Amino acid sequence: MTPRTVKADEVMRRGRLVKAEQFADAAVAVEMLADQASDVADAYVTLGVHAGIAAADVVCAARLGEYSRGERSRPTTSPGCSFPNAAGSS
């Protein structure tokens with residue numbers, strides 16, 4: 001599936017940041033409420049992945065003014081959304 005890039009404004013960035021925080025907070029709550037971490041491992045990881053996707057959207061939107069939105073799945077970053085490596089090159 002070919003991802004679609006979508007223009008992002010400040011409202012979108014704030015909204016995705018709120019979503020990232022909600023997913024991260026929910027992951028912590030799920031872990032804290034479980035008797036055993038293994039009981040909720042799948043839910044915890046899924047919430048963490050969603051938090052990461054939302055956070056990546058925020059970073060790409062801030063850096064490029066757009067983010068990638070697919071119908072069913074999406075890459076971890078927007079096309080062309082590259083970040084410098086430790087040496088400082090992208």
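## A tour of the chain and its helix pair

Of the contacts (heavy atoms within 4.5 Å) in the protein chain with a separation of 6 or more, 56% are between residues 24 or more positions apart. This is a predicted model, in which local features need pLDDT of at least 70 and side-chain atom pairs count only at pLDDT 80 or more, while totals for chains, interfaces and linings use all residues. Residues are numbered from 1 along each chain as its sequence is written, and side-chain values use heavy atoms, with hydrogens and water left out.

Start with a cartoon of the protein chain. Two helices and two strands make up its secondary structure (DSSP runs, H or I of at least four residues for helices and E of at least two for strands, numbered from the N terminus). Along the sequence the pattern is β-α-α-β.

Next, select residues 10–33, helix α1, and residues 41–64, helix α2. Their axes (lines fitted to C-alpha atoms over the stretch in contact) lie 8 Å apart, at an angle of about 160° on a scale from 0 to 180 degrees between N-to-C directions. α1 is therefore roughly antiparallel to α2 (an angle over 145 degrees). In the contact of α1 with α2 there are 19 nonpolar residues, one polar and five charged (nonpolar: Ala, Val, Leu, Ile, Met, Phe, Trp, Tyr, Cys and Pro; charged: Asp, Glu, Lys and Arg; polar: the others, Gly among them).

Then show side chains for V6, A8, M12, A61 and Y67, the five residues of the largest nonpolar core (buried Ala, Val, Leu, Ile, Met, Phe, Trp, Tyr and Cys joined through side-chain atoms within 4.5 Å; buried is under 20% relative accessible area with a 1.4 Å probe, protein chains only).

Finally, centre on V6. Beyond its neighbours within four places in sequence, V6 is in contact with G65, E66, Y67 and R69.

How values were computed
Buried < 20%, exposed > 50% of the residue type's maximum accessible area, 1.4 Å probe, protein only. Parallel < 35°, antiparallel > 145°, perpendicular 65-115°, else oblique.
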